[in-house]
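This report describes selected features of the structure shown below. The terms are given with their cut-offs where they are needed.

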Amino acid sequence: MTVVDTRGPRETRAADGASRRPRRGAMRRSAARLGWGFASPALLLVFAVMIFPIGFSIAMSFSNVNVTGSGFQLNGFTGNNYSILFHSARYIHDLEFTAIYTVVTVTVEMILGTLIALVLERLTHARAWLMALLLLPWALITVVSAQLWSYIYNGVYGVFDAIMNAVGVHNLNVLGTPTQAAVAMGVADVWKTTPFVAIMVLAGLVMLPGEVVEAARIDGANGWQTFWKVRLPLLRPALAVAVMFRILQAFGLFDLPYVLTGGGPGTSTESLALLGYKVLFNDVLFGPGAAIAASTAFIVLVVCLLFLKVFRTQVGEQED
Amino acid sequence: MARRRRKNLGTNIAALLVAAFVALPLYWMVAASFKSPVDITSAAAVPPHLTTSNYGNAFTNYSFGTYVRNSVIVAVCTTGLVLSLGTFAGYALARLPMRGKTAIMTALLMISLFPTIAVVAPLYLLLRDIGWLNSYQGLILSYTALMLPFAIWILRNFFLGIPKAMEESARVDGAGPIRTVVRVILPQALPGVFTAGVFTFVAAWTEFIVALTLDNEDRYRTIPVGIALFGGQFTIPYGTIFAASAVAMLPIAILVLVFRKAVVSGLTAGAVKG
């Protein structure tokens, strides 16, 4: 806050001087200075509160961290925190779980989301209403949705069990059985985030050039062929962005297992972020905890860079 | 003609299925919030004995009122700060000749998608050092930094779409740069500011892991932390939880429905300009 206050008047003066000078090079330079003046409060804050901690987290993951009641110390360089992780069956399991969970839920969400977008596109009257409805799960607090699904899946009086009983499946203990708990969590996730995917894909669909689809139809392609051969390839950039957003969100999965399953039964639905949180704040092991957090971030970073690369080339192809 | 009608029928049935898929769990939550403690365990679709006691309970027997106040303070301050800092940064990154703009934008995009667990531990230690755990300012500062990158992206995309002639005529009229941004550019970019505002508010209202780590004392809990930690060791007071949830959802639902267009354009901001 104070950063803005002290910077504001000075920048105004500098730029007022600039606007009176007619020379182009000087104007450009002062415009650049103005740009940094405008951008630096935000960038400095992001640096101090996001980038510096990320770096600090990496430093922590390579140190013996000594946390006491009042402070903390980093003592010496060590690779120990990582070797603990890579020899820990629990870490390996959680890594696998997070990766599989991400791939499966994102795949289901992309397919369902695209189908819903196609329905929305063809809908004539009620489209605005349905889109408004779709925005509600997206804006719902994840913790609330987790409580809601834990109520639905409740082993004693949950409505899911009541429905399954009615169709003849008895004695389910959904949240008490590893695979079922993971699937149940995936369903809750799909319910909350598919609308987000659908709206992103719909935006892509609306922006497609109508003439191309029309031309394909005139050439005798049916609806199915036009979709697979013409519209889907054109839709790829929009789909790629949605996939990237979702992969990164899903990989940081925390709120849903924290409330819905607590990572259980056992550690069967424990995500990397949840493990990191437990190690950091329940076991107060900041070295290994930082290593879990940093390794999660590293994986996300690699996936992100790969996607940016693929996405860039796709956009390039389109512009040609 | 008949074929077209059949096609429409198929679309409408599919749309109904989608609506049911989204709405039924939400209905179940609201219905449960009106069920008495006896009926909460029943699978009755309509509460047999309609009661509003859960709503009173959330505010009197639990400190839900405090959580609402905390969430409002944190979300409003965060949104204000993000918009005031983000507008100038977004404008600069869209319009002014700075070096390394692409690198900055790429870095901001990646940071906005980073798993929060990566920053939570150092933030906790650093804020503990300066005594800002269990405070408003610690959480507001963290949220502002957390949500700025995405807001800058949205705002920049909107600024890119404003004709340059506007600024030039303002400059000819002798307006200074801050005045130009506030008086000339901002009104043009208002839809973008709304979009960024709605996104920031929703993100601050729903964020969990940072709030859980930094502000876990009952006095400073926000709504998500309060709802996650509701109840005792042995029973989960679902009626109260869902009454609180329904109250927590109301402002967001209104916001999202009123600014529907802004939200949709924000969701697609990434797709519009990569």
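## Nonpolar core

A nonpolar core is a set of buried Ala, Val, Leu, Ile, Met, Phe, Trp, Tyr and Cys residues joined through C-beta atoms within 7 Å. A residue is buried if 20 or more other C-beta atoms lie within 10 Å of its own, exposed if 12 or fewer, and partly exposed in between, with C-beta atoms placed from the backbone. The model is predicted: local features need pLDDT of at least 70 and side-chain atom pairs count only at pLDDT 80 or more, while totals for chains, interfaces and linings use all residues. Residues are numbered from 1 along each chain as its sequence is written, and chains are lettered from A and ligands numbered from 1 in the order in which they are written.

The largest nonpolar core contains 172 residues, and B:A89, B:L148 and B:A151 have the most contacts inside it. Helix α6(B) gives the most to this core, with 16 residues. Domain 1 (2-61) and domain 2 (87-319) of chain A both give residues to the core, so it lies between them; the domain bounds come from an automatic or database domain assignment.

Chain B has 14 helices and zero strands, where helices (H or I, at least four residues) and strands (E, at least two) are DSSP runs numbered from the N terminus. The C-alpha trace of chain B spans about 75 × 70 × 35 Å along its principal axes. Of the 274 residues in chain B, 50% are buried.

Helices α3 (residues 64-95) and α6 (residues 136-160) of chain B pack at an angle of about 40°, with their axes 6 Å apart. Axes are lines fitted to C-alpha atoms, for helices over the stretch in contact, and angles run from 0 to 180 degrees between N-to-C directions. That angle makes α3(B) oblique to α6(B) (under 35 degrees counts as roughly parallel, over 145 as roughly antiparallel, 65 to 115 as roughly perpendicular and the rest as oblique).

Helix α12 (residues 272-282) of chain A is mostly covered, with eight of its 11 residues buried. Among them are A:L272, A:L275, A:Y277 and A:L280. After α12(A) comes A:V284, which has a positive phi near 50°.

Helix α13 (residues 286-319) of chain A includes A:I292. A:I292 is buried, with 31 other C-beta atoms within 10 Å. The C-alpha atoms of A:I292 and A:L85 are separated by 7.5 Å, although the two residues are 207 residues apart along the chain.
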